[in-house]
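Let's take a walk through a protein together.

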Amino acid sequence: MEYSFQSARIQTGVSSHPSFSISAPISRVRIEQHRIKRPHTKSRHGCFNCKARRVKCQETQPHPCANCIGRNMPCIYPSNELSLRRRHASPQGGRHRQLLPRSHESSSSYTITPSSSTESAVALSSQHRVLPHTFTADDLRSFHHFLIAAYPYLPFGSEELWKTSLPASAHKCPHLMHAILCLGATHLSLVIPDGSRYKTLAVTHQGQALRMLGNELSKGDQCSKTELDIMLATVYALTFQAHYMADGLVDFAIMVRGCSIITRRILNKHKGSDMFKLLTSDAILTNTLPRIPPTPYTDTENLNTSIETIQSIEPLLACESHRNAYTALFNTYNALKRSARDGFVAFTDFYDDWGRMSNREFMEFLDPRNYVSRLLFVHFVVASIMLRPVLRALKEPRLLMFPKEELPLLQRGLDIYEGLPSGVRGLVEWQVNFITLDKALLESSSSRSEEETSALSTV
């Protein structure tokens, strides 16, 4: 979760970036079956592949759905005329349509206009009414948890906005609301003892956020300046949500890429944002560097070992994306010898390259069979551990702190190692031991914090 996040998936209509997509793979969560009859959730306008497999389609037409992207299948939707004919031919569908009020028959859209508030508050005015959504008590808890503990700290300088204007505006911006609830639920599932019950809720809101965001992005050049600002906020929220999932590497990378692409769109078309003030590299560095200690990383022995072991990967580098990632990590290790500031600046290049890759290069870099990329990701986790004090220093003080929120990244590194062929595991053996030790220390710290909280609650 560091620095200039840049990404997202589903082919969108942002004309200058046709490779931008936003349908991150949704984690499969076992949903307990209840005896009561459930409401109908079948995809009525899904693609042919999803209908044939009898699975829920994300209905992101005209763009490929997440299911087809994940299975590398051509995504073909029924024509509008065919869908309309089928719907009217279905007695059940006809009855359902008659039960809906007229005001609910149109799809939702909205116009976003910036206000003159010093906090860059966003006032949203509806052109059409939005279909109502019933929020549960768990949704309310997720929203509250977002406000006090799970809100993003990126883009830099926007933390107050995440606690005030953005949540207040989200009730008329569906994709942002679902992204906020998704992030709050995911963070809850990670940090509280009975959190597993929030995983299904998080997946549900993630799917809704991605579908609605895809619809907005399909507007392309018709998007206003403030609409792009709100979309950027949604993708940042989904980026942080993916960061808190141990199996969220692909989701995280895609959302990081999306942040980068939407940011460039805002800067190229509008020269800046009405909400987020620190979007350019110069503005970010000017704001953040004074807050980072100028001292070097203290454990020189670990840095030297990291440099030696990463050099063993160099003969395997087979493409430009490998070489760029390798260079960013190698420079990070060396820069940390000089100062934490230099290490932070070098580390951001690892993310920056994701936004510059073509769509094909990017997906090949994330392919689980791309073992060189996987080796580099293990080093990425190690560099993130070394930079953790820097990243904590860049956050504003919070009411609640949770050491557990660092664990998904570490588990991701260990899972990558387990998926590597035995012939290349030795290249990152030291890194895995480093990650394992750090994970044990974090878990111990989390246990002590929980015990202290429990003791205080019984006094």
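First, some ground rules. You're looking at a predicted model, in which local features need pLDDT of at least 70 and side-chain atom pairs count only at pLDDT 80 or more, while totals for chains, interfaces and linings use all residues. Residues are numbered from 1 along each chain as its sequence is written, and side-chain values use heavy atoms, with hydrogens and water left out.

Let's start with the holes. Rolling a probe the size of a water molecule over the atoms shows where empty space is left.

(Nonpolar covers Ala, Val, Leu, Ile, Met, Phe, Trp, Tyr, Cys and Pro; charged covers Asp, Glu, Lys and Arg; the others, Gly among them, are polar.) Helices H10 (225–243), H17 (371–386) and H18 (388–393) each supply at least two lining residues, with the largest share, three residues, coming from H18. Helices here are DSSP runs (H or I, at least four residues), numbered from the N terminus. Domain 2 (137–291) and domain 3 (300–449) each give at least three residues to this lining; those bounds come from an automatic or database domain assignment.

Now for the packed parts. A nonpolar core is a set of buried Ala, Val, Leu, Ile, Met, Phe, Trp, Tyr and Cys residues joined through side-chain atoms within 4.5 Å. Buried means under 20% relative accessible area, exposed means over 50%, and partly exposed is in between (1.4 Å probe, protein chains only). The largest core has 108 residues, and Trp162, Leu166, Leu176, Trp354, Phe377 and Phe380 have the most contacts inside it. This core, too, draws at least three residues from each of domain 2 and domain 3. A second, separate core of six residues includes Cys47, Cys50, Cys68 and Tyr77.

With those cysteines around, how many disulfides are there? Zero, in the whole structure; a disulfide would be a pair of cysteine sulfur atoms within 2.5 Å. The closest cysteine sulfur to that of Cys50 is in Cys47, 3.5 Å away, so it's too far for a bond. Cys57 is in no disulfide either, as its nearest cysteine sulfur, in Cys50, is 3.8 Å away. Cys50 is buried at 1% relative accessibility, and Cys57 is buried at 2%.

Finally, check the backbone. Most residues other than glycine have a negative phi, and most peptide bonds are trans. The bond from Leu154 to Pro155 is cis, with omega near -10°, and Pro155 sits in the loop between helix H5 (137–150) and helix H6 (159–163). Lys271 has a positive phi, near 65°. Lys271 lies in the loop between helix H11 (249–270) and helix H12 (281–288), and counts as exposed at 70% relative accessibility.
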